[in-house]
Amino acid sequence: MDLLLTGGTVFLDGHFENLDVAVSDGRIVSVSPSLPKEGFSVIELHNRCLVPGFVDVHVHLREPGFSYKETVFSGTAAAAAGGYTAVCAMPNLNPVPDSPEHLRAQLDIIEKNAKVHVYPYGAITRGERGEALADLRRLAPLVPGFSDDGRGVQSEERMRQAMELARELDRPIAAHCEDESLLTRGWCVHDGSFARAHGLPGNDPASEWKQVERDLRLVRETGCRYHVCHVSSKESVALIRAAKAEGLPVTCETGPHYLCLCDEDLLDEGRFRMNPPIRSAADRDALVEGLLDGTVDCIATDHAPHSPEEKSGGLRGSLNGIVGLECAFPVLYTQLVETGIIPFETLLNALCVNPRRIFHLPGGTIAAGQSADLTVLDLNRPGVIDSAAFRSLGRATPFDGWGVSAAVALTLCGGEIVYHDLRNPEEVTL
């Protein structure tokens with residue numbers, strides 16, 4: 001379908017311009033202040049924002065192996081509704097993608113059922129058990145990077161070997177940083193004021209930052225590109241900031257829940273339990289400061305759906321993991337941009353531009369010749385986050401019931417409309 005998106009403000013090279021965008025055969029063919037409408041199906045944007053499609057570098061699509069939690073189809077439908085045109089899928093699956101043969105099962109499902117681009121990680125170690133290395137050399141051409149997400153690699157020597165090989169293969173290591181020797185048995189929340197007030201076992205942030213510290217030492221030795229997943233603590237932010245100042249090839253992500261919540265906001269419900277946990281107000285503030293000064297590169301949801309039964313045990317009895325693809329943008333815009341905490345451009349760089357740069361993914365620029373992976377944002381759409389309406393099979397989000405002021409109105413992936421909620425029928429002539 002040939003489309004003309006007209007009357008919008010386009011995010012171009014870090015600023016906004018009033019431009020029309022023409023799409024044909026899945027690619028952008030023209031970007032200009034005024035384009036003729038003849039021969040196109042026209043979408044009137046009425047000053048809505050047109051941005052490169054969001055990228056989430058940390059999602060769990062659960063298939064193959066755990067399709068009762070989520071499927072590639074439901075997870076990518078959720079991504080499209082959230083404005084995402086690409087996601088990087090974590091490897092804690094069955095089979096674990098620790099070889100091309102095991103990865104093939106996942107790739108076949110993606111090819112058949114995905115509504116947006118899916119880039120699956122390869123595992124760092126076989127079976128994500130932290131012992132023998134996965135078949136990194138043969139996986140490298142098929143994946144954007146390597147991760148054992150869900151568990152930190154406990155062996156320093158194994159991580160050194162992985163980094164040396166990843167450096168040779170020019171693939172990043174995306175590390176879940178967690179030193180299991182520093183974990184309190186049965187932890188369920190951050191080791192802070194909420195844990196003490198409610199008599200709950202807490203997770204010491206040292207379990208995160210000590211492994212970040214170890215891995216940064218290994219990056220100095222190996223020169224490996226290194227990405228820290230779901231950063232949650234102020235100490236980790238400080239370590240990563242110093243590593244960047246030193247010139248090390250280090251990047252990181254944090255999640256909407258770490259930027260918008262602290263442990264003072266917790267309720268004894270499964271939708272508030274995740275790993276790492278929501279930490280203190282000081283940690284939250286350090287993450288926001290890291291986003292502002294460029295220490296924190298990306299915002300990734302760590303979308304991790306579970307069944308209702310698995311999230312019904314409160315903080316003590318629920319599995320770790322929340323969903324976020326469908327509510328990330330409206331929550332982040334309302335909480336951080338509209339309040340003046342961060343510029344809109346900073347949010348868009350963290351969602352659209354930096355993820356592609358770090359993982360060498362295509363797109364990210366609205367220009368002729370680029371794939372038409374585009375998202376339209378309505379910044380004047382008051383609403384309420386309603387997890388019951390999610391396309392994801394997961395419903396557990398701490399943002400359920402939150403009022404928001406913005407929404408995703410349209411998502412194009414490869415020129416195809418994969419999500420459409422412009423509201424007014426007269427705005428679309430198809």
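In the predicted model, Phe11 has a relative accessibility of 4% and therefore counts as buried, the limit being under 20%. Phe16, at 27% relative accessibility, is classed as partly exposed. Across the whole structure, eight aromatic pairs were found. One of them joins Phe11 and Phe16, whose ring centres are 5.3 Å apart; their planes meet at 50°, so the pair is tilted. Phe54 and Tyr84 form an edge-to-face pair, with 5.5 Å from centre to centre and 70° between the planes. This pair links distant parts of the chain, as Phe54 belongs to strand 6 (residues 54-59) and Tyr84 to strand 7 (residues 84-89), 30 residues apart. Phe54 and Tyr84 are both buried. A single aromatic cluster is formed by Phe11, Phe16, Phe54, Tyr84, Phe329, Tyr333 and Phe344. A ring also takes part in a contact with a charge: the charged end of Arg273 is placed over the ring of Trp187, at 5.6 Å from its centre.

Helix 1 (residues 72-81) is largely enclosed by the rest of the structure, because nine of its ten residues are buried. The buried positions are Val72, Ser74, Gly75, Thr76, Ala77, Ala78, Ala79, Ala80 and Ala81. Their cover includes strand 7, helix 2 (100-113) and strand 8 (117-120), together with strand 18 (407-413) and strand 19 (416-420).

Four strands make up an open sheet with parallel pairing, in the order 9-12-13-14. Strand 9 (173-175) and strand 14 (298-299) are the edge strands, each pairing on one side only. Strand 13 (residues 250-254) and strand 14 run parallel and are joined by two bridges. Thr254 has Ile299 of strand 14 as its bridge partner. Helix 6 (residues 206-222) lies across strand 9, strand 12 (226-228) and strand 13, and runs at about 170° to strand 12.

The count of salt bridges is 24. In one of these, Glu156 pairs with Arg160, with 3.4 Å between the closest N and O atoms. The two residues are separated by about one helical turn, because Glu156 and Arg160 are four residues apart in helix 4 (residues 156-169). Glu156 is partly exposed, at 29% relative accessibility, whereas Arg160 is buried, with a relative accessible area of 16%. Arg160 also forms a salt bridge with Glu221, where the closest N and O atoms are 2.9 Å apart. Since Arg160 is in helix 4 and Glu221 in helix 6, this pair ties together parts that are 61 residues apart in sequence. Glu221 counts as partly exposed, at 47% relative accessibility. A network of salt bridges links Glu156, Glu157, Arg160, Arg217 and Glu221.

A further salt bridge connects Asp297 and Lys244, the closest N and O atoms lying 2.7 Å apart. Asp297 is located in the loop between helix 9 (281-293) and strand 14, and Lys244 in helix 7 (residues 234-245), so this pair ties together parts that are 53 residues apart in sequence. Asp297 is buried, with a relative accessible area of 5%; Lys244, with 24%, is partly exposed.

Key: Residues are numbered from 1 along each chain as its sequence is written. This is a predicted model: local features need pLDDT of at least 70, side-chain atom pairs count only at pLDDT 80 or more; totals for chains, interfaces and linings use all residues. Side-chain values use heavy atoms; hydrogens and water are left out. Rings of Phe, Tyr and Trp (its six-membered ring) pair if their centres lie within 6.5 Å; planes under 30 degrees apart count as stacked, over 60 as edge-to-face and the rest as tilted. Buried means under 20% relative accessible area, exposed over 50%, partly exposed in between (1.4 Å probe, protein chains only). A charge sits over a ring if NZ of Lys or CZ of Arg is within 6 Å of the ring centre and within 35 degrees of the ring normal. Contact means heavy atoms within 4.5 Å. Two strands pair if DSSP finds at least two bridges between them. Axes are lines fitted to C-alpha atoms, for helices over the stretch in contact, and angles run from 0 to 180 degrees between N-to-C directions. A salt bridge is a side-chain nitrogen of Lys or Arg within 4 Å of a carboxyl oxygen of Asp or Glu.
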